[in-house]
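Welcome! Take a look at the sequence and the model, then read on.

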Amino acid sequence: MTRNIKVEKLSQQPVEEQMIELVERKGIGHPDSIADGLAESISRALCHEYKSRVGAVLHHNTDETQVVAGRSCPAFGGGEIIQPIYVLLSGRATRFFEEQEIPVDVIARRTAKEYIRSVLCNIDVSDHVILDCRIGTGSSDLQDVFKRKVPGANDTSFGVGYAPFSETETVVYNTERFLMDLKKRIPAIGEDVKVMAMRSGDIINITVACAMVGRHLDDLADYMETKEVIVREIEENVCSCAQRKVKVQLNVADDPESGSVYLTVSGTSAEMGDDGSVGRGNRANGLITLNRPMSMEATSGKNPIRHVGKIYNLLSTQIANKIVSEVDEVGEVYVRILSQIGKPIDEPHMLSIQTTVKEGANYSQVQAEAEQIANQWLDDILVIQEKLMKGELKTF
């Protein structure tokens, strides 16, 4: 099969050599990430239910989930939720197939409860969350597409990906992941963590916002001491692996003199004042990267079978990573994939690969190897679907 794949040399200053670099990651307990996680887990649950009942994944998209903040009264040693967090489960899903009716609402609510319990250990789903399922009925004129071996694209859209992570991107991603592991030893760490990095030259400045859980802290002195411990742990376990100097600050808005600190009941700002929406947070690679090309398409909750806004964002990242790992002469790799509505997803309208190369590289060989890798992934594009349905690919 001849595909429209173009490989070109990129002449630009690599991100690592640029003076300023900005990178962000929103942790799993951030309201936007909660919305992403709920949407994706419900989509995955519907996929399994559809396959079990009818042998195929039917039309659905659950990417319109919204989280509306509640009200709380945090306190050292305790605190309480005053008004529950409101979660709107929205989107579209096939409810009828031949003679069967699929209990979409039941599946969505059950899955949402299970997901919240798995990521927010200080939330009582029964008392602290209102789950309102308003998932509409899927468009029947799209359902026949699922009968194809390789489905057609649902839209004319594009996905982008790149590799490798810069040092700053790696530090940001690993900092949030490390804090969720550190939480096992320091339960005062909430799941709502936001890590923002600003690299200026060879200095990486990390600003961490971490929702602290009041019932695990005795008083203000304990809070301040715990902050110092957390910063030290980040410096020793994450920053020490970086070649550049890394400076870490935590909860910089705290005003100890007035007693105003980032204290919560549940470990998420969704309990009071911070709403969340699907697609407003991390991109498909888990980061928000202002120095890189990004798609504004929400990845989580979209149908994993034919929604190119989801598949191509993940596929482009897989291709870029594969090229970096197997083609020695490349530096940075950027992949852009464009679809045409209705056309097979393994035959994109354009697959563009841009690479920087090391001095003295044989670019003809780089082009051939990069194109071969892209073709291999397009041949195996259904693997992306399988990995998504198994939860093996992260979408935020």
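## A salt bridge to start with

Asp181 has a relative accessible area of 43%, so it counts as partly exposed. Please keep in mind that this is a predicted model. The partner of Asp181 is Lys184: the two form a salt bridge whose closest N and O atoms are 3.2 Å apart. Lys184 counts as exposed because its relative accessibility is 69%.

## Other charged pairs

Side chains of opposite charge can pair when their charged atoms come close. How many salt bridges does a search of the whole structure find? The search turns up 25.

Let us visit a few of them. Lys26 and Asp32 meet through their side chains in a salt bridge, at 2.7 Å from N to O. Both Lys26 and Asp32 are buried. Another salt bridge runs between Glu297 and Lys302, where the closest N and O atoms are 3.4 Å apart. Here the two partners fall into separate classes: Glu297 is partly exposed because its relative accessibility is 24%, while Lys302, with a relative accessible area of 4%, is buried. There is also a network of salt bridges, and it links Glu16, Glu167, Asp202 and Arg244.

## Aromatic rings

A pair of aromatic rings is described by the distance of the centres and the angle of the planes. Across the whole structure, a search finds four aromatic pairs. One of them is formed by Tyr162 and Phe165: the ring centres are 6.3 Å apart and the planes stand at 35 degrees, so this pair is tilted. An angle under 30 degrees would have counted as stacked, and one over 60 as edge-to-face.

Is Tyr162 buried or exposed? With 6% relative accessibility, Tyr162 counts as buried. Phe165, in contrast, has a relative accessible area of 30% and is partly exposed.

## Backbone details

Where is there a cis peptide bond? One joins Ala163 and Pro164, with omega at about -5 degrees. You can find Pro164 in the loop that runs between strand E11 (158-163) and helix H4 (167-182).

Glu98 is not a glycine, yet its phi is positive, at about 55 degrees. Glu98 sits in the loop between strand E8 (96-97) and strand E9 (100-101), and its relative accessible area of 69% makes it exposed. Asn251, also a residue other than glycine, has a positive phi near 50 degrees. The loop that holds Asn251 lies between strand E14 (245-250) and strand E15 (263-264).

## Thr355 and its neighbours

Now turn to strand E19 (residues 350-357), which is where Thr355 has its place. Thr355 has a relative accessible area of 0%, so it is buried: the cut-off for that class is under 20%. Which residues does Thr355 touch, leaving aside those up to four places away in sequence? They are Glu8, Lys9, Leu10, Val330, Glu332, Val333, Tyr363 and Val366. With Tyr363 there is a polar contact as well, which joins the two side chains at 3.2 Å.

## Arg71 and its surroundings

Arg71 is part of strand E5 (residues 71-75). At 46% relative accessibility, Arg71 counts as partly exposed. Not counting residues up to four places away in sequence, Arg71 touches Ile81, Ile82, Gln83, Glu271 and Met272.

## A nonpolar patch on the surface

Our last stop is on the surface, where Met19, Ile20 and Met198 form a nonpolar patch. Together these residues have about 280 Å² of accessible area. Ile20 lies in strand E2 (residues 20-26). With 40% relative accessibility, Ile20 counts as partly exposed.

Methods. Residues numbered from 1 in each chain as written. Predicted model: local features only at pLDDT ≥ 70, side-chain atom pairs only at ≥ 80, totals over all residues. Heavy atoms only, no water. Patch = residues over 30% accessible without salt bridge, like charges linked within 9 Å, V, L, I, M, F, W, Y side chains within 5 Å. Areas by Shrake-Rupley, 256 points an atom, 1.4 Å probe, with all protein chains shown as cover. Salt bridge = Lys/Arg side-chain N within 4 Å of Asp/Glu carboxyl O. Helix = DSSP H or I, 4+ residues; strand = E, 2+ residues; numbered from the N terminus. Buried < 20%, exposed > 50% of the residue type's maximum accessible area, 1.4 Å probe, protein only. Polar contact = N/O pair within 3.5 Å; in protein donor to acceptor, adjacent residues only side chain to side chain. Contact = heavy atoms within 4.5 Å. Phe/Tyr/Trp six-rings, centres within 6.5 Å; stacked < 30°, edge-to-face > 60°.
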